[in-house]
Amino acid sequence: MSRAPRLLIATLAIGLVVPSFFSSAPNSMAAVGCHPANHVAGDLDSDGLADVVVGVPSYAADRGGVDILFSTGERRFVRAADLGLTGLAGDRFGESVVVGDIDNDGCADLAIGAPGRNSSAGAAYLVRVDGNRNLTLLNTFAGTAPHGSFGAQVLLLDGPQLVASAPTADDGTAWEAGQVQVLPLTAAGALASPRVVLTQNSSGIPGTSENGDRFGTALAGQERTMVIGAPDEAVGTRTNAGAVTIVSATKTHPTSFGGVSVTQNTAGVPGIAETADQFGAAVAFRDHYVLIGVPGETIGSARSTGQVHILNFDPATRTVRSLRAVSQNTGGIPGTDESGDLFGSSVALGINTWDQLTAVVGAPGESIGSVRGAGLVTLFRANRSGGMATTIRQGAGGVSGAAEAGDHFGSSVGVLTGDLDDGEAMADGVVIGTPGEDVGIIGDAGAVTYTRSTDTWYTLLLEDTGDDDIPAGAQFGESVARSFS
């Protein structure tokens with residue numbers, strides 16, 4: 001079947017508005033090269049607009065892939081084999097993806113995690129993109145811990161540094177205690193100095209490595225600060241209550257990290273650590289603000305309704321201050337705490353995506369009316385209380401599709417970074433994954449919804465893989481890329 005009819009059939013099958021799909025990217029001038037003065041984080045081809053990058057780890061028996069929508073409208077589906085690698089079932093290439101410019105040439109680069117590689121030792125890859133949208137593999141970094149799932153989360157920090165977590169790595173006799181590795185890089189993507197392995201037993205890192213902590217399950221950062229989630233951490237006798245470690249380094253000692261550990265039993269933090277809260281299941285960090293998802297939080301009789309915490313962290317003094325906790329029963333926040341909402345399963349921080357510093361919070365278990373697990377995303381002001389708040393869901397407010405059982409809209413969320421030179425006028429877009437979306441009779445094909453302004457929403461399907469049809473079970477949207485300036 002030719003490409004255009006297949007797109008039309010897929011579009012109609014899930015009730016999308018056809019014009020919004022075919023205009024899936026605003027027009028933009030094609031880039032002719034990389035421009036070092038480009039100040040748009042997440043812009044792969046240096047044309048002045050961030051690009052939409054989606055990891056597809058469940059594709060083709062978990063071989064995985066990465067889907068790119070350039071702002072020009074060009075789509076590119078990248079498998080490991082397209083980079084000269086051997087892709088194997090279970091690799092989960094694209095489990096995590098970040099976009100950042102490691103050589104400051106104005107074209108952002110990709111870091112891609114494949115935690116299932118080599119019997120779950122895992123791997124992470126650096127990929128260079130040029131102004132003509134050509135992709136070149138720069139380097140491969142293999143996990144060093146057996147069954148450690150290295151690459152489960154990846155990020156890029158100043159230095160440059162590639163950071164990759166291995167949350168199921170053992171630490172001595174503590175099984176699946178977890179670790180985070182910091183890899184200093186040259187501008188060419190080679191190791192500049194040996195890796196630094198951080199665990200909860202490392203000097204400067206608070207806490208103790210214990211069985212099943214899974215330190216590094218969630219990971220976020222900016223400049224020289226990292227936020228590390230360990231949602232399976234036991235707090236006292238409360239199993240899977242969760243903890244978050246926030247650490248920073250300095251320019252003179254870029255691999256010497258130290259900081260604080262935070263739980264819901266920490267002084268000044270609202271609430272109390274309870275079994276299965278999963279505090280730290282999702283984390284975001286931007287401009288000293290920390291956003292922490294607690295999707296297992298029970299509030300009153302609403303079990304696993306979920307909650308998020310907002311903190312402020314000073315990297316210089318390594319001190320943290322709790323600002324507030326927010327649930328769907330918080331004043332000014334739309335919605336109601338209900339069992340199974342899982343509010344806080346995914347989180348991101350955007351600038352003026354809705355109002356000032358905006359918290360983007362996914363609740364993939366949210367019921368829409370009687371439709372269970374349809375999913376919802378909430379946007380509200382993060383840096384202080386008050387301000388505007390809104391919700392995003394399928395079939396409302398210009399978002400295509402319909403709320404259907406098990407869609408899990410909001411399983412992943414991210415932002416499309418605006419031009420940093422715009423100052424206070426800068427506005428980030430939003431990217432939302434719906435991995436449970438069925439396309440006609442094709443189960444769990446998945447979909448991704450995005451906007452650059454919240455005025456116009458676009459919906460993407462995984463349609464450029466070369467398969468005869470949209471692949472079932474690909475769960476397109478389970479992982480969306482984060483951008484780092």
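Analyst: A residue counts as buried under 20% relative accessible area, as exposed over 50%, and as partly exposed in between, with a 1.4 Å probe and protein chains only. The model is predicted, so local features need pLDDT of at least 70 and side-chain atom pairs count only at pLDDT 80 or more, while totals for chains, interfaces and linings use all residues. Residues are numbered from 1 along each chain as its sequence is written, and side-chain values use heavy atoms, leaving out hydrogens and water.

A disulfide here is a pair of cysteine sulfur atoms within 2.5 Å, and by this rule the count comes to one. Its partners are Cys-34 and Cys-107, with the sulfur atoms 2.1 Å apart. The torsion about the S-S bond is about -105°, so the disulfide is left-handed. Cys-34 sits in the loop between α2 and β1 and Cys-107 in the loop between β4 (96-100) and β5 (109-114), so the bond ties together parts 73 residues apart in sequence. Helices (H or I, at least four residues) and strands (E, at least two) are DSSP runs, numbered from the N terminus. Cys-34 counts as partly exposed because its relative accessibility is 27%, whereas Cys-107 is buried at 0%.

The loop between α2 (18-22) and β1 (52-55) also holds Asp-45. With 0% relative accessibility, Asp-45 is buried. Its side chain makes a polar contact with the side chain of Arg-133 at 3.3 Å; such a contact is a pair of N or O atoms within 3.5 Å, where within protein one must be able to donate a hydrogen and the other to accept it, and residues adjacent in sequence count only if both atoms are side-chain atoms.

Next come the nonpolar cores, each a set of buried Ala, Val, Leu, Ile, Met, Phe, Trp, Tyr and Cys residues joined through side-chain atoms within 4.5 Å. The largest core has 31 residues, and Leu-162, Val-163, Met-226 and Phe-257 have the most contacts inside it. At least two residues of this core come from each of β6 (123-129), β8 (153-157), β9 (161-166), β10 (179-184) and β13 (225-230). A second, separate core of 21 residues includes Phe-70, along with Val-53, Val-66 and Leu-110.

Leaving out residues up to four places away in sequence, Leu-162 touches a set including Ala-111, Phe-141, Leu-155 and Val-182, with contact meaning heavy atoms within 4.5 Å. Thr-378, in strand β22 (residues 376-381), is buried at 1% relative accessibility. Beyond its neighbours within four places in sequence, its contacts include Ile-333, Phe-343, Val-360 and Thr-390.

Some backbone features remain. Most residues other than glycine have a negative phi, and most peptide bonds are trans. The bond from Gly-159 to Pro-160 is cis, with omega near -5°, and Pro-160 lies in the loop between β8 and β9. Ala-61 has a positive phi of about 55° although it is not a glycine; it is found in helix α3 (residues 59-62) and is exposed at 53% relative accessible area. Asn-352, likewise not a glycine, has a positive phi of about 55°. Asn-352 belongs to the loop between β20 (346-351) and β21 (357-363), and its 28% relative accessibility makes it partly exposed.
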